[in-house]
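Reader: I would like to go through the labels used for this protein one by one. For each, please set the value beside the definition and then conclude.

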Amino acid sequence: MPCGEDWLSHPLGIVQGFFAQNGVNPDWEKKVIEYFKEKLKENNAPKWVPSLNEVPLHYLKPNSFVKFRCMIQDMFDPEFYMGVYETVNQNTKARVLHFGKYRDVADCGPQQELDLNSPRSTTLERQTFYCVPVPGESTWVKEAYVNANQARVSPSTSYTPSRHKRSYEDDEDMDLQPHKQKDQHTGSVSGLQWCGESKRLETEASTGQQLNSLNLSSPFDLNFPLPGEKGPACLVKVYEDWDCFKVNDVLELYGILSVDPVLSILSNDERDTSALLDPMECADTAEEQRVHSPPASLVPRIHVVLAQKLQHINPLLPACLNKEESRTCKFVSSFMSELSPVRAELLGFLTHALLGDSLAAEYLILHLISAVYTRRDVLPLGKFTMNLSGCPRNSTFTEHLYRIIQHLVPASFRLQMTIENMNHLKFIPHKDYTANRLISGLLQLPNNTSLVIDETLLEQGQLDTPGVHNVTALTNLITWQKVDYDFSYHQMEFPCSINVLITSEGRSLLPADCQIHLQPQLIPPNMEEYMNSLLSTVLPSVLNKFRIYLTLLRFLDYSISDEITKAVEDDFVEMRKNDPQSITADDLHQLLVVARFLSLSAGQTTLSRERWLRAKQLESLRRNRLQQQKCVNGNEL
């Protein structure tokens, strides 16, 4: 077996060692996974693994061990591959068994030929995910991961940098020497074609001529949900427990990078022959082949060895924050012990960002730590959509407030709610049956993303049918924390937990759990200068404490004791007795939600009498402010 240092640069050699020791005994697969698990437990080992998020693709060696932080944007059909196959030496007739796991192309040495009829060959199944970088990931998150990564990479000698970003038309140049490419992989391509009665049997390969016939004038659409996103998209091959994952899950993957050019340039005669041998090969449309078999230089493949579903993407915290680990983690317990001054500093920081309005800052903290913790029937519990009304119109205030939020949360997006955007942007993901893929939309976001809807930009105008559908989609997201994906013949619900903040001049056109009217105590003559100054005066260490605070508190457990429950019930009855119109069951629910997040914001996992009274006080101040504004502006609110 290769020496230990080879696990990063030559992982397939490690796999070969286990396969050679165990043969067709399936135990070798478990031993491979355990080996890499143990390697990653070694001191700072994950930091030495090159990441596709930080390292350009042409700096990564083919078939090396890599990691990728991503969101599952789509799930393709399962595909067949040769789990074990046998080759025969044409001269000596010696037979050798090979493994097909973690490979796109069968490995055949000189003078070796695949024995397609070998009884020792096995056909297995794997799942393919289409993964994209986490939508809306903040700059500070990216920078922290880059700074933490200690992988040493240099431009790969076996990979051409000029091919890093290339349109499909450029693939024509790659087909100049198809026979040479074919000779290098003699038997491998045809073998992988044989292995699958599956329609994508040729390991997603497609011919140069077919690509050219599509008349593709634009680069391959990487299908990112949000505009302006950068980074690689990957086809991720999963071999174990793929049922545990679903669309929109955020994952950290460790696996073997595959960028073999043969994935893009099977020669014409091979493709034609395969179609004659199996007419079902032609079942794929040209568009589907284009989408499911993009050039590996544009969409690399990762063969997953280990996959972890991420609860959060905050690089300042441990990846796993479940209840048991949170109690035993020294870092978490130490941070919780000094929570009070962090909250006070954050409140002061947000008060300045909200132009001196401390009440709005209190509610913004509650909003930023809110998350759906369970669902009762269809009702999502824990959502806390906030409408910040009273925002100055024709001002850059909302833009700069969003910049402040970007510096605090791991992932966010600002939706400028103009008539043009509402009528023309695609909010809802929809299924394209021709290409057999899910076309992304703006609302295909991972859980715990902060979505800031800027309604101050809304002018008078006419919403057309797509615009009305987009408003309905936003309403459903806010009310039910779900997005109905369009599958043409039916809609499919995708539950989510998205923090929605709506900035508006008057009351928002969209529903909200809590409306707070901004009361600025100062109006800076230069808003940009003021906000930049606010950010520059905060020490990076303090800013990091804010980031830890806002992420960590989402994962705290919370409960209400029987004693406090009885006290709250008695309080509600007393309030109703004094003035039946003053409080309803919905108002009580709102009070309990505010009390919950108020307690968690102080690091308390149970409701105390003190926090209950403070929640009542905050709600009273908020309602009085709205009432005063209503009296001033008539029925605007």
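Reader: What makes R393 partly exposed?

Author: R393 has a relative accessible area of 29%. Buried means under 20%, exposed means over 50%, and partly exposed is the range in between, with a 1.4 Å probe and only protein chains counted. The value of 29% falls in that range, so R393 is called partly exposed. This is a predicted model, in which local features need pLDDT of at least 70 and side-chain atom pairs count only at pLDDT 80 or more, while totals for chains, interfaces and linings use all residues. Residues are numbered from 1 along each chain as its sequence is written, and side-chain values use heavy atoms, without hydrogens and water.

Reader: Why is the pairing of E459 with R393 called a salt bridge?

Author: The closest N and O atoms of E459 and R393 are 3.5 Å apart. A salt bridge is a side-chain nitrogen of Lys or Arg within 4 Å of a carboxyl oxygen of Asp or Glu, so the pair qualifies. E459 sits in the loop between β15 and α18 (465-480), and R393 in the loop between β11 and α16, so the bridge ties together parts 66 residues apart in sequence. Helices (H or I, at least four residues) and strands (E, at least two) are DSSP runs, numbered from the N terminus. By that rule the protein has 23 helices and 19 strands, and the structure holds 33 salt bridges.

Reader: How do you know that E362 and R343 link distant parts of the chain?

Author: Their side chains meet in a salt bridge of 2.9 Å, N to O. E362 is in helix α15 (residues 358-368) and R343 in helix α14, 19 residues apart. E362 has a relative accessible area of 8% and R343 has 13%, so each counts as buried.

Reader: Where do R622 and E619 lie?

Author: Both are in helix α23 (residues 609-633), 3 residues apart, about one turn of the helix. An α-helix has 3.6 residues a turn, so residues three or four places apart point the same way. The side chains of R622 and E619 form a salt bridge at 2.9 Å, N to O, and both residues are buried.

Reader: Why is helix α16 called largely enclosed?

Author: In α16 (residues 397-406), 7 of the 10 residues are buried, so the rest of the structure largely encloses the helix. The buried ones are F397, T398, H400, L401, Y402, I404 and I405. Their cover includes α14 (339-353), β11 (386-389), β12 (412-416), β15 (450-454), β18 (499-503) and α19 (527-537).

Reader: Which members of the largest nonpolar core touch the most others?

Author: They are F349, Y363, L388, F397, L408 and Y549, out of 72 residues. A nonpolar core is a set of buried Ala, Val, Leu, Ile, Met, Phe, Trp, Tyr and Cys residues joined through side-chain atoms within 4.5 Å. Domain 2 (335-556) and domain 3 (558-636) both contribute residues, so this core lies between them; the bounds come from an automatic or database domain assignment. Neighbours within four places in sequence aside, L408 is in contact (heavy atoms within 4.5 Å) with W140, L346, F349, L350, L543, F546, R547 and L550. A second, separate core has 29 residues, including L415, L443, I453 and V500.

Reader: What makes the nonpolar surface patch of about 270 Å²?

Author: V378, L379 and W480 make it. Patch residues have over 30% relative accessible area and no salt bridge, with nonpolar side chains (Val, Leu, Ile, Met, Phe, Trp, Tyr) joined within 5 Å and like charges within 9 Å. L379, in strand β10 (residues 379-381), is partly exposed at 38%, so its area passes that cut-off.

Reader: Buried or exposed: which is D377, and which is N248?

Author: D377 has a relative accessible area of 77%, so it is exposed. N248 has 13%, so it counts as buried. D377 is in the loop between β9 (374-376) and β10, with a positive phi near 60° in a residue other than glycine. N248 is in the loop between β6 (234-238) and β7 (250-258), and has a positive phi of about 80° although it is not a glycine.

Note on methods: Accessible areas come from the Shrake-Rupley method with a 1.4 Å probe; for residues, only the protein chains shown count as cover.
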